[in-house]
Amino acid sequence: MKASKLYAPTLREIPSEAVVISHKYMLKAGMIRKISSGFYSYLPLAWRSIKKIENIIHEEMAKIESQEILMSIAQPAEIWQQTGRWDVYGEEMFRLKDRHERDYCLAPTHEELVTTLVHIDTFSYKQLPVSLYQIQNKYRDEKRPRFGLMRSREFIMKDAYTFDVDEEGLDKQYHDMYDAYTNIFTKCGLNFRTVIADSGAIGGSSSHEFEVLAEAGEADIVYEVDGEFAANVEAVIPDTISCNLKNDLEKEIVATPGQETIEDVCKFLGLPVTQSIKAVIYKLDDKIVLALVRGDHEVNEVRLQNIYNAINVSMATEKDLKKAGLVAGYISPIGLKKNKDFDIIVDKTVMEMKDACCGANIKDKHYIHVNPKRDFDSVRIETIRLIDKNDVSPWTGKEIEFKKGIEVGQVFKLGTKYSESLNCTYLDKNGKSKPMVMGCYGIGVTRTMAASIEQNHDKDGIIWAVSIAPYEVVIIPANNKNSEIMKVAEELYRNMSKENNEIVFDDRNERAGIKFKDADLIGYPIRVTIGKKWEENGKVEIKIRRTGEVIEIDYKDCKAKVESILDDLRSKNL
């Protein structure tokens, strides 16, 4: 490909809308263009990278005999209503009506449709197991699309589904898919961790996420420093922390004028934050829930949602607080009564506290000397806090650390959740009808591309792994006005392109400095420059983008050296 014909409109300035590196560099390098909030067009460079990721997926799926299909993006409401998920997705689901007023959605995922599909033609245990996958656009009406391809409304996803006669069969296919995903992300050159995850709206008995380690990640990952345990913090139930304080004093109301935050109250009262109780008020569907954790802890909202089996989770509004008779900044469960619209849930660690402070449900007033076991009536007690840096592994007691991660893949054991709802059954050896046992598995293809950039870049641009780079090599003549240099550069391009269609010849009538900047920005793994060194002694310059290493070599040996470097990078998944 000649750069003069390559549709890659690079920008000199980064658009102000871009916040994370992948969004900035993909816009600047002419890889994507925004169409509307959360919708993007992929230009040739991005599309080549996407197709390479897809090819890696195809290779690994073939190894485990998963077969590719393509299902409709538009799905009828009826199948979603059968599983109860028409309401679960809420406002995140794109919904539409046809001319006959029938309800449809643009698929955010395909569990319902694939189950309906398999149900049509699969009747006997002899036809199982089945493993199917597709690579297709998905649609989710994100409330706040952000970070470019990291959280968009339209995205490309690989989703796979397995059907088995029993849990043993599911276990095998789950592990096959788990291993295939490990191979896929390794071949993409990513540094990732596989972590225990919450199943969320997909459901199922167990799940793992594949998290690319990067500062731009929205997921918080906890892992053992010297161990195997790793999880999304939302999926961890930390140990209850005991309290060494003793308290024989009765609770007492004290004035705390204008002290509404935990930090302000504790400073005013001269108490450590660990001796305070934090009240957070949520709206879970139509129920107002008062959640209480220790002052230095945070509520695990996913855990809270699972406990109440809630579809929608949000912070309570002032109107909600007023309806429940709560005074913002001064809330506690003391004296409050639960009802069908209002519940109180307290973290187990709070119940171990002996001498705490909390709100008095009166403006500018707080309680001190609170003993929750003594003073809290009719409360629900659960572990609802997030694990934090002061904890240890709840599995082994080992030291833990935290990192940010970008979720690029997830695998789920669904069991019979969907097959029972949609009557997807088979006849066993005895002629008895049984629901198929399912698994589902997803990879965010476009998110994987963005995550690679988030993890592999420098101040000058993108650093691609060879396996997913849009092109592998760029050849740059340093002086377009020198006919001999241009002739030699084009000759090298033609020679290398005979066996490799991954070469770009930057024949643009631009200064060498601009070409070098664009090469670094786009992230070609290898840059070959033909310039003064060739004029002086017949040598060309090879630069490896990832390491910055520069190699001078005779022109006649350039092709073989470039191929050798590429082979070495590929062997290391770099």
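**Exercise 1. A side chain and the backbone**

Task: In this predicted model, find which backbone nitrogen the side chain of Asn339 reaches at 2.9 Å, then describe the surroundings of Asn339.

Solution. 
- Step 1. The backbone nitrogen at 2.9 Å from the side chain of Asn339 belongs to Phe342.
- Step 2. The side chain of Asn339 also reaches the backbone nitrogen of Asp341, at 2.7 Å.
- Step 3. A polar contact needs a pair of N or O atoms within 3.5 Å. The distances for Phe342 and Asp341 can be checked against this cut-off.
- Step 4. Asn339 sits in the loop between α9 (318-324) and β17 (342-347).
- Step 5. The relative accessibility of Asn339 is 44%, so Asn339 counts as partly exposed.
- Step 6. Ile288 is 51 residues away from Asn339 along the chain, while their C-alpha atoms are separated by 9.8 Å.

**Exercise 2. The chain as a whole**

Task: State how many helices and strands the chain has, and what share of its residues is buried.

Solution. 
- Step 1. The chain contains 17 helices and 31 strands.
- Step 2. Of the 574 residues in the chain, 52% are buried. Buried stands for a relative accessible area under 20%.
- Step 3. The C-alpha atoms fill a box of roughly 95 × 70 × 50 Å along the principal axes.
- Step 4. Take the contacts in the chain with a separation of 6 or more: 70% of them are accounted for by residues 24 or more positions apart.

**Exercise 3. Two helices against α13**

Task: Determine how α2 is oriented relative to α13, and do likewise for α1 and α13.

Solution. 
- Step 1. The axes of helix α2 (residues 44-63) and helix α13 (residues 445-455) come within 10 Å and cross at roughly 110°.
- Step 2. Therefore α2 is roughly perpendicular to α13. The range for this label is 65 to 115 degrees.
- Step 3. The crossing of α2 past α13 is right-handed.
- Step 4. On the α2 side, the residues are Ala46, Ser49, Ile50, Ile53, Glu54 and Ile57; they meet Val445, Thr446, Thr448 and Met449 of α13. By class, this contact of α2 with α13 holds six nonpolar, three polar and one charged residues.
- Step 5. Helix α1 (residues 21-28) packs on α13 at an angle of about 105°, and the axes are 8 Å apart. α1 and α13 are therefore roughly perpendicular to each other.
- Step 6. Ile21, Ser22, His23, Tyr25 and Met26 of α1 meet Met449, Ala450, Ile453 and Glu454 of α13. The contact of α1 with α13 divides into six nonpolar, two polar and one charged residues.

**Exercise 4. Backbone exceptions**

Task: Locate a cis peptide bond, and give the phi of Asp285 and of Asp364.

Solution. 
- Step 1. Most residues other than glycine have a negative phi, and most peptide bonds are trans.
- Step 2. The bond joining Leu128 and Pro129 is cis, with omega about 10°. Pro129 lies in the loop between α5 (111-121) and β7 (130-139).
- Step 3. Asp285 has a positive phi, near 55°. Asp285 is in the loop between β14 (277-284) and β15 (287-294), and at 29% relative accessibility Asp285 counts as partly exposed.
- Step 4. Asp364 is not a glycine, yet its phi is positive, about 65°. Asp364 is in the loop between β18 (356-359) and β19 (365-370). With a relative accessible area of 24%, Asp364 is partly exposed.

Key: Residues numbered from 1 in each chain as written. Predicted model: local features only at pLDDT ≥ 70, side-chain atom pairs only at ≥ 80, totals over all residues. Heavy atoms only, no water. Helix = DSSP H or I, 4+ residues; strand = E, 2+ residues; numbered from the N terminus. Buried < 20%, exposed > 50% of the residue type's maximum accessible area, 1.4 Å probe, protein only. Polar contact = N/O pair within 3.5 Å; in protein donor to acceptor, adjacent residues only side chain to side chain. Axes fitted to C-alpha atoms, helices over the stretch in contact; angles between N-to-C directions. Parallel < 35°, antiparallel > 145°, perpendicular 65-115°, else oblique. Left-handed = near helix turned anticlockwise from the far one by under 90°. Contact = heavy atoms within 4.5 Å. Nonpolar A, V, L, I, M, F, W, Y, C, P; charged D, E, K, R; others polar.
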